[in-house]
Amino acid sequence: MRDLAITLVVLAGCVWTIRYPYIGILMWTWITLMDPHQLSFGFSQSLQINLLVAVVTMGSLLVSKERKMPPIDANLIVMGLFFLWFTMNCFFAVDTGSSWFAWDRTWRVMLLGVLVSMTATNRIRIHSLVMVMALSLLYYGVKGGGFTLMTGGGSHVQGPPNSTITDNNQLALAILMVLPLANYLRQHAANMIVRRVYLAAMALSLVSVLGSYSRGAFIALAGLAVVGWFRVRQKLLYPLVAAAVIVPALYFMPSSFYDRMGSIQGAGQDSSVQGRFDAWGVALGYARDHFPIGAGFDGPQRPWIFGTYAPGKETHAAHSIFFQVLGDQGFGGLAIYLLLLGVCIANAMTVRRLTKGRAEFAWAFDLAGMLQLTLFVFCLGGAALSFAYYDGLFISCGLLSVLREMVLKSSAAPGWKKNTMDSRTARGNLTPPTLVVE
Amino acid sequence: MLNSLLYGLALIAIVLIMRWYIENDGNGQNDGSIGLLAMKTGKEKAPPPAPSSAKRSFRRKR
């Protein structure tokens, strides 16, 4: 039944894509973030749905009147550099077969990010893309939150099989990354019922993050809760709402949860944490010995490499986006990767600076702020997870790139001047007072 | 059962988003303010016209 439903939805989407190419971008994002076909039990699991959608989208884009070039900016240049670097690095990989396999996935994900920056050219497109991103992960948030409540928090929340978010840690971080975007959607949804649905989904997603038993995600959640305060408008209400959700959820969790979180303090004795330190040492050692290149995708995890740099130790994944890129792509790759994150943050800051106090761009101001939170959570939670090439990161990069382009174009247009509207008007809740325009 | 229901809702939601996009941007006619998933455009709650005395005091302030 699920197979039939997902196939019908994808086919209908492909038909729409022929006429409206942007529908293809939405579907591609949905399938890459949510992996809905992995939740079916039959033939659709083995179908290359993403490939089908990608081919139809690219074909439709080529023959349509959509623009054919993304904005040429620092984001595109750095993403291009990163692509060239990890392609070159694959030739020097310790296991070229598996490295090229991962390369094949990574360049497609980056292509989606570039296509987003090329096609998401207005507010409606950006809004619909953010809705798709939120839906894709909030689905697991709601499901995981419900599961945690029904099982008393006794079982771990896991992601769909054969996907980038199968692991409980990665799923929890991915959910945390879309929480700011869901908050943006809640702020800007016109329908009150839809706003309530977003709020309920966010609350359940928080419970789901706790139910994942992920220590990295728990730290990222704490960081998000603190930094989020600077980005919300209701500075007094926010701590009360956050406490109203988190405190009962924490009270509800069983003792096994506290045992797990308590092990953060005793990191030195914990074998899992010690394994991470070993993996970081391997990544650093390999990158230093083979400066400036790395071991290729997942190269440091090869037993003969791990054994060389950490003799007698059990093989572990990098468990840090930074050490993952360092081990995989070397110091050169890490420098470009950090540059990409820096460019994204700079783009968000530019958008916020140029749109502050402007009623017509209040949405862009809010979205850039929420995307900053998404990147912050990614960097904080990702510091203890192997999640460097996550699809959501490259899509966020593309979004910020096109957002910056839109705002810069508007600011260059005649009539752009520093707005003096009050903050309540700038939120988009009210039309600007007509008396302002003279 | 609940799982399947949630999965079905997710599929309906993605179709709704695609429909919303087509209605609002696909034909290039709308500003995102129609449909269940409509976004705030700043036109939903236009304030009532200010009384003339308020207008005068506003002008004086400026």
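How many residue pairs are in polar contact across the interface of domain 1 of chain A and domain 2 of chain A? The structure is a predicted model, in which local features need pLDDT of at least 70 and side-chain atom pairs count only at pLDDT 80 or more, whereas totals for chains, interfaces and linings use all residues. Residues are numbered from 1 along each chain as its sequence is written, chains are lettered from A and ligands numbered from 1 in the order in which they are written, and side-chain values use heavy atoms, with hydrogens and water left out.

Chain A is divided into domain 1 (1-66), domain 2 (73-119 + 269-362 + 370-438) and domain 3 (136-265), with bounds that come from an automatic or database domain assignment. The centres of domain 1 and domain 2 of chain A, taken over C-alpha atoms, are separated by 25 Å. Ten residues of domain 1 of chain A are in contact with eleven residues of domain 2 of chain A, contact meaning heavy atoms within 4.5 Å.

Across this interface, one residue pair is found in polar contact, both residues being at pLDDT 80 or more; a polar contact is a pair of N or O atoms within 3.5 Å, of which, within protein, one must be able to donate a hydrogen and the other to accept it, and residues adjacent in sequence count only if both atoms are side-chain atoms. On the side of domain 1 of chain A that touches domain 2 of chain A, α2 (21-34) and α3 (49-63) of chain A each supply at least two residues. The most comes from α2(A), with six residues. Helices are DSSP runs (H or I, at least four residues), numbered from the N terminus.
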